[in-house]
Number of protein chains: 2
Amino acid sequence: MSGAIQSLSRAAAILRLLAGGERRLGLSEVATGLGLAKGTAHGILRTLQQEGFVEQDPDSGKYQLGAELLRLGQSYLDVHELRARALVWADDLARAAGETVYLGVLHQRGVLVVHHVFRPDDSRQVLEVGSMQPLHATALGKVLLAYDPVARGELGDGPWEAFTPRTVTEPAALDAQCALVRERGWADAVEETWEGVASVAALIQDRRRNPVGAVCVSGAVETVCEGGAVRPSLVASVRTAARAISRDLGAHRF
Amino acid sequence: MSGAIQSLSRAAAILRLLAGGERRLGLSEVATGLGLAKGTAHGILRTLQQEGFVEQDPDSGKYQLGAELLRLGQSYLDVHELRARALVWADDLARAAGETVYLGVLHQRGVLVVHHVFRPDDSRQVLEVGSMQPLHATALGKVLLAYDPVARGELGDGPWEAFTPRTVTEPAALDAQCALVRERGWADAVEETWEGVASVAALIQDRRRNPVGAVCVSGAVETVCEGGAVRPSLVASVRTAARAISRDLGAHRF
DNA sequence: GACCACCGGTCGGCCATGCCGACCCCACCT
DNA sequence: AGGTGGGGTCGGCATGGCCGACCGGTGGTC
């Protein structure tokens, strides 16, 4: 893994910077934010703009992300094999469970949601495809951590952010949970990310048993849990769906 | 508009190439596809991979788009001012019309869908945010063309692709339609893109009356049309929504 | 099973390329 | 009017990235 192309890495850093700040950023802000000379930052921004990755507000001259990113992100989903195979299973799972279903993959130090099926009722819900969830505080994340030592290593020793009083923030506790996940074959997270929300997740593997993602059912504690624990029928549904997707992934390869 | 950074433009071309081909591409395919030396293409791909914009299949060594693009695409939507202000209006419009609602902006030579509200029934629908629609064959596109001479110029002289027998493929006919759009203040497209589908669109402007996007209601001909023409009540709804969004955009600026 | 063609990947030298910092112009505020 | 900060430009310097020759592995073919 030898050197990277400087200007490209810098361009990526600029895009991430623009994605991070909620508002638009000016040229000087970008330059100082990354420790670049103004001229350098401008050259990169100009090129990114020509390519459609960045847009500039004509009034203020400030920069924000561009539409091409949305288009390419959509293309990513189109090509994504795991997602394509999981679509129908996720749908069935949501209907059977009567709850929201997420499909997540490991990305950087979090879980990237690549598919999201709304809870099958008529309530207003926002699509969360493309958003990130924390590894240590969600069922999806704990499944991926349990089966991916590299990801666990990269997460470090914490303590991690506590979103609720029940969030696991210490390495010893998290590793114990991961061991339990491996033993049982599924993970849960009851009010560890949001108050009142509980979820169950199971691993998806490719043909060579490599972990490639996870499915998860998520909903209100009152409907997902029963007597303090996750309803066994839900666990069964999630694990069945995960196995079905894994099998599906293995098949079409030969 | 002086020179662009070579390596960045090339990286963008590679991403677009990967987005275009449905399947994964090998290093050599990328290199020859863009007329680059293998070493050069490899350097760019390596960097893109480190940044998460490209992923490599461990087995075949072939490349595909990476997850970071999805995340950034989502961030684009988060920041997008037009979309944020239009969310609630689009929702209302879909409920009132009982049909699908799209919100589109001009991007390259097409319409990029930045928001999509499902038709309010329980049918299975796929989210089309991030996908592109042709300018000459959709209501959204014709609105944007009618009010943006630059876009019209870039589209050239056709003849354009005919998706159905009713698609407008000749410049004279299209320009006449655009004139009509400007005169009436709205555009329609009845079975010009897909058989059996009709839509109505109206322009969204910012505070300085610049065209920034368009809203559109789309549905089956049988429900959208009445006696061969689009139902007037639908036209009114769409135009009202467009005006509301435009007003909303003008407000919060000062 | 030996060959071959082609794959992805590496390396080092040469030189074009992109980086930098000083500079410009404009808008806004003092 | 002057000052301060914004975005944007420019040209010289040297560094960073391009190229083409070169590896090692793999899958197909005869």
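**Exercise 1.** Determine which helices of chains A and B each supply at least two residues of the surface near DNA strand C.

*Solution.* Step 1: helices are DSSP runs (H or I, at least four residues), numbered from the N terminus. A residue is near the strand if one of its heavy atoms lies within 4 Å of it. Step 2: chain A supplies helix H1 (6–20) and H3, while chain B supplies helix H1 (6–20), helix H2 (27–34) and helix H3 (38–51). Step 3: 16 residues surround DNA strand C, the closest being A:Thr40, B:Gln6, B:Ser28, B:Gln56 and B:Tyr63.

This is a predicted model, in which local features need pLDDT of at least 70, side-chain atom pairs count only at pLDDT 80 or more, and totals for chains, interfaces and linings use all residues. Residues are numbered from 1 along each chain as its sequence is written, chains are lettered from A in the order in which they are written, and side-chain values use heavy atoms, without hydrogens and water.

**Exercise 2.** Identify the residues of chain B with N or O atoms close to phosphate oxygens of DNA strand C, using the polar contact cut-off (a pair of N or O atoms within 3.5 Å).

*Solution.* Step 1: a polar backbone atom of B:Leu27 is 2.8 Å from a phosphate oxygen. Step 2: the side chain of B:Ser28 places an N or O atom 2.6 Å from a phosphate oxygen. Step 3: for a polar side-chain atom of B:Gln56, the distance to a phosphate oxygen is 2.6 Å.

Notes: A polar contact is a pair of N or O atoms within 3.5 Å; within protein, one must be able to donate a hydrogen and the other to accept it, and residues adjacent in sequence count only if both atoms are side-chain atoms.
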